[in-house]
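Thanks, everyone. Let's go through the structure on the screen.

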Amino acid sequence: MTDKEFISQLNKLRNVKTDQAWLNSNRELLLTQISNSGGAELSSWQNFVINFQSFMKTSSRPAFALGTFVVLLIVTSIFGHKLFSQAKPNDSLYIARIISEKAKLGTVLDSQERDRLAFQFAAGHAQDISTVLANPEFINSSNQDQIAKLNESFEKEINTARTKASRLTLKSTNEEEIVMIADATSTDGYLEVAEKTVDAAVPVETPKPEKLVAEEKASSTDAVPTEESIKADQILDEAKQSFERKDYNGTLNKLQEAQAIIQDGSR
Amino acid sequence: MSANLIKKFQTKKTLSQLKSHDKEAFIRVYDDQAADINRFVYYKIGNREDANDLTSVIFLKTWNHIQNNSLGEGKTLRALLYRIARNAIVDYYREKSVKRALSIDDEDNQIDVPDETIDLPEQMDQAADLELIKARLPLLKEEYREVIIMKFVNDLSLEEIADITDKKRGNVRVLLHRALNALKELVEQAKNKEKISNNENSNKSQI
């Protein structure tokens with residue numbers, strides 16, 4: 001007999017049945033005995049207090065704390081940017097907003113969507129900086145350091161927004177152009193060109209006309225700015241100029257305009 | 001992890017309810033544990049009637065203990081029940097002065113352990129093995145028998161056994177290993193004796 005067989009035989013000893021009738025009669029007897037020695041039924045309030053206390057005692061354990069932390073981290077990374085979206089650059093929660101936005105960007109897999117979101121965040125930050133600086137109560141001699149920092153931050157945010165906007169509009173333009181080229185050439189039997197652009201693993205056997213190859217190169221490698229990207233860039237530039245002139249309302253309007261263009265472009 | 005936390009929460013909740021004299025909570029504990037405690041006592045003392053009486057006493061003692069004492073952090077209700085059961089068994093032996101008068105093969109209380117998933121010859125072999133184990137279990141040292149019942153019959157964890165017996169987890173593991181080997185040896189010896197007597201009988205009949 002192997003150890004495993006031996007243990008399985010031992011486990012069978014648990015199949016010994018206790019007399020159910022005796023268990024039931026003893027149950028009644030025990031209930032009477034404990035009722036006589038002060039046993040009672042608890043009220044719903046007492047039960048609530050006990051549940052709460054037990055929960056608190058259990059929650060002090062490290063495993064529970066770790067589990068709660070992980071859940072909190074996941075929830076914050078998904079919904080945190082909405083939770084802290086109202087935090088302004090002079091708020092203590094602003095750092096939480098930045099972290100949650102970075103976490104949110106980390107969860108987006110589609111690069112175009114990530115760029116769009118990054119643009120929205122950067123433009124949002126720039127708007128908030130303008131709003132804070134537009135407040136006359138904030139502009140005083142004691143806040144000079146903060147004002148200088150905000151000016152610097154605005155510069156950074158505008159640059160980020162411009163970079164993201166140009167990447168976003170270029171990408172969408174490239175994809176559109178490739179489709180357009182494919183549409184134009186498919187009737188002549190050159191559909192492989194479009195396929196190659198989308199999936200490089202597909203071998204191209206059919207020779208391509210020189211003009212088409214040139215077009216393909218231009219669309220995939222050279223950064224050809226679209227009307228939208230030029231416009232968004234111009235508006236962001238105007239927003240920057242308005243900011244430098246301390247025309248914060250004008251800055252806000254321009255930023256909103258740029259956001260609308262990018263929003264329309266993504267549709 | 002979550003199952004473990006829920007279990008801990010339930011244990012704490014039940015203990016708090018018992019401290020608040022909640023008889024319903026105690027009856028739930030009884031429903032949950034009575035059969036296991038009764039089996040543990042039965043394998044320890046080998047008498048069905050006495051095991052029933054002791055089980056009843058153990059639950060009443062547990063109720064009184066909880067009302068009058070505070071339980072240490074990390075102590076489970078199951079461990080407390082087994083501790084009280086062990087003490088009750090010691091008292092029982094003391095009163096009866098029959099420390100080794102075990103009769104697990106009590107003819108009035110034959111233990112029936114059917115297993116219908118195996119064929120008849122194998123079932124007969126296994127039934128014979130099981131009978132041998134049951135017959136040899138009372139011959140083991142007290143502490144060996146106890147850990148075997150707790151671990152393999154009543155399915156207690158090593159931590160719980162360590163808590164009940166006031167030993168370290170590692171010591172319980174070693175004890176369990178030795179207990180298994182000792183029981184196995186007893187069973188093998190009985191089997192060999194049986195074989196020899198069978199051979200002798202067949203030789204005699206051939207002559």
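One caveat before the details. This is a predicted model.

Start where the chains meet. How much area is buried between chain B and chain A? About 4500 Å². Carbon and sulfur atoms give 64% of that area. Chain B puts 52 residues into the contact, and chain A puts in 42.

Now charge pairs. Over all chains, the structure holds 25 salt bridges. How many does the rule find across the interface of chain B and chain A? One. The partners are R27(A) and D31(B), whose side chains meet at 2.8 Å, N to O. This pair crosses between chains, and both ends sit in helices. R27(A) belongs to helix α2 of chain A, residues 20-36. D31(B) belongs to helix α2 of chain B.

Stay with that helix of chain B. Helix α2 of chain B covers residues 23-45, and it packs against helix α6 of chain B, residues 142-153. The angle is about 150 degrees, and the axes are 10 Å apart. So α2(B) and α6(B) are roughly antiparallel to each other. The crossing is right-handed. Who makes the contact? From α2(B), we have R39(B), F40(B), Y43(B) and K44(B). From α6(B), we have E142(B), R145(B), E146(B), I149(B), M150(B) and V153(B). By class, that contact has five nonpolar residues, five charged and no polar.

Next pair, still in chain B. Helix α3, residues 48-68 of chain B, packs on helix α4, residues 77-96 of chain B. Here the angle is about 125 degrees, with the axes 9 Å apart. Therefore α3(B) and α4(B) are oblique to each other. Their crossing is right-handed. On the α3(B) side, the contact includes L54(B), I58(B), F59(B) and I66(B). D50(B), K61(B), T62(B) and H65(B) of α3(B) also take part. Facing them from α4(B) are residues including L77(B), L80(B), L81(B), I84(B), A85(B), A88(B) and I89(B). D91(B), Y92(B) and K96(B) of α4(B) are in the contact too. The classes for α3(B) with α4(B) come out as 12 nonpolar, two polar and four charged.

Last pair, over in chain A. Helix α5 of chain A spans residues 94-107, and helix α6 of chain A spans residues 111-134. Their axes come within 10 Å and cross at roughly 165 degrees. α5(A) and α6(A) are therefore roughly antiparallel to each other. What is the hand of the crossing of α5(A) and α6(A)? Left-handed. α5(A) contributes Y94(A), R97(A), I98(A), E101(A), K104(A) and L105(A). α6(A) answers with R114(A), L117(A), A118(A), F121(A), G124(A), H125(A) and D128(A). The contact of α5(A) with α6(A) holds six nonpolar, two polar and five charged residues.

To recap the pairs. α2(B) with α6(B) is roughly antiparallel. α3(B) with α4(B) is oblique. α5(A) with α6(A) is roughly antiparallel. And between the chains, R27(A) and D31(B) meet in a salt bridge.

Key. Residues numbered from 1 in each chain as written. Chains lettered and ligands numbered in written order. Predicted model: local features only at pLDDT ≥ 70, side-chain atom pairs only at ≥ 80, totals over all residues. Heavy atoms only, no water. Axes fitted to C-alpha atoms, helices over the stretch in contact; angles between N-to-C directions. Helix = DSSP H or I, 4+ residues; strand = E, 2+ residues; numbered from the N terminus. Parallel < 35°, antiparallel > 145°, perpendicular 65-115°, else oblique. Left-handed = near helix turned anticlockwise from the far one by under 90°. Contact = heavy atoms within 4.5 Å. Nonpolar A, V, L, I, M, F, W, Y, C, P; charged D, E, K, R; others polar. Buried area = accessible area lost by both parts, 1.4 Å probe. Salt bridge = Lys/Arg side-chain N within 4 Å of Asp/Glu carboxyl O.
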